[in-house]
Amino acid sequence: MDTTIDADFVVYRLEEAGATLLAMPGSGWSTKMRSSSIEIVRTALEAYGWTESRIRPAAPSSDKVTRMDEAMGWLPLIPIEKYVLRRVVGARSLVHPITDRHLYPWRRLGLALGADHKAIQRWHAQGIAMIVKALKERAAIKDVCGSDRPKTQPRASRPHRFPN
């Protein structure tokens, strides 16, 4: 990573990932186009857009999806014993892609978890600090070894033994 890893960087990337996740289409591949039940525009009003419709954000690019996968992969860096911190950080990362508003404000998270909103803010900061620490450790290993994982010695090959 070219940027310094700090709390602001991690929060930015997680919020970007949350917005990308929410911008993705709600349905996957379907057989709708292959079937004979293609919807037909029935009235002129529908044809000219006079009906109410939800504004959908543009589908994210493959680069954004790759960045989202990387950033969302950071959540497991918070230990499983601290699952509440994981939930808080994950919920707080969900940002509406059009309005840039958090889907879960501090007070709503506090109500959902039965805690004060100030405690939720502290837990979020603790979770982010755990991610920052783990990413810095990972970067240090990468600098030393030249890869993401420590190098191990390859296992010596053994001849196959077949049963008699």
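I began at Arg92, whose side chain reaches the backbone oxygen of Tyr104 at 3.1 Å; I took a polar contact as a pair of N or O atoms within 3.5 Å, where within protein one must be able to donate a hydrogen and the other to accept it, and where residues adjacent in sequence count only if both atoms are side-chain atoms. The model is predicted, so I kept local features only at pLDDT of at least 70 and side-chain atom pairs only at pLDDT 80 or more, while totals for chains, interfaces and linings use all residues. Residues are numbered from 1 along each chain as its sequence is written, and side-chain values use heavy atoms, with hydrogens and water left out.

**Arg92 and its helix**

I found Arg92 in helix α4, helices being DSSP runs of H or I of at least four residues, numbered from the N terminus. Arg92 is buried and yet has no salt bridge, the nearest side chain of opposite charge, Glu15, being 5.5 Å away. Buried here means under 20% relative accessible area, exposed over 50%, and partly exposed in between, with a 1.4 Å probe and protein chains only; a salt bridge needs a side-chain nitrogen of Lys or Arg within 4 Å of a carboxyl oxygen of Asp or Glu. I then noted that the buried residues of α4 pack against α1 (7-23), α5 (106-113) and α6 (117-145).

**Cavity**

A cavity is a set of points, on a 1 Å grid over the protein atoms alone, where a 1.4 Å probe fits but cannot get out, and lining residues have an atom within 4 Å of a point. Arg92 and Glu15 are among the residues that line the largest cavity, as are His102 and His124. The largest share of this lining, 3 residues, comes from α1.

**Salt bridges**

I searched the whole structure and recorded 4 salt bridges. One of them joins Arg13 and Glu70, with the closest N and O atoms 3.0 Å apart, and this pair links helix α1 to helix α3 (residues 62-72) across 57 residues. Arg13 is buried at 4% relative accessible area, whereas Glu70, at 37%, counts as partly exposed.

I next followed Glu16, which forms a salt bridge with Arg67 at 2.8 Å between the closest N and O atoms. Salt bridges that share partners join Arg13, Glu16, Lys64, Arg67 and Glu70 into one network.

Technical notes. Contact means heavy atoms within 4.5 Å. Helices (H or I, at least four residues) and strands (E, at least two) are DSSP runs, numbered from the N terminus. Lys and Arg count as positive and Asp and Glu as negative; His and the chain ends are not counted. On a 1 Å grid over the protein atoms alone, a cavity is a set of points where a 1.4 Å probe fits but cannot get out, and a pocket is an open set with protein on both sides within 12 Å along at least five of seven lines; lining residues have an atom within 4 Å of a point.
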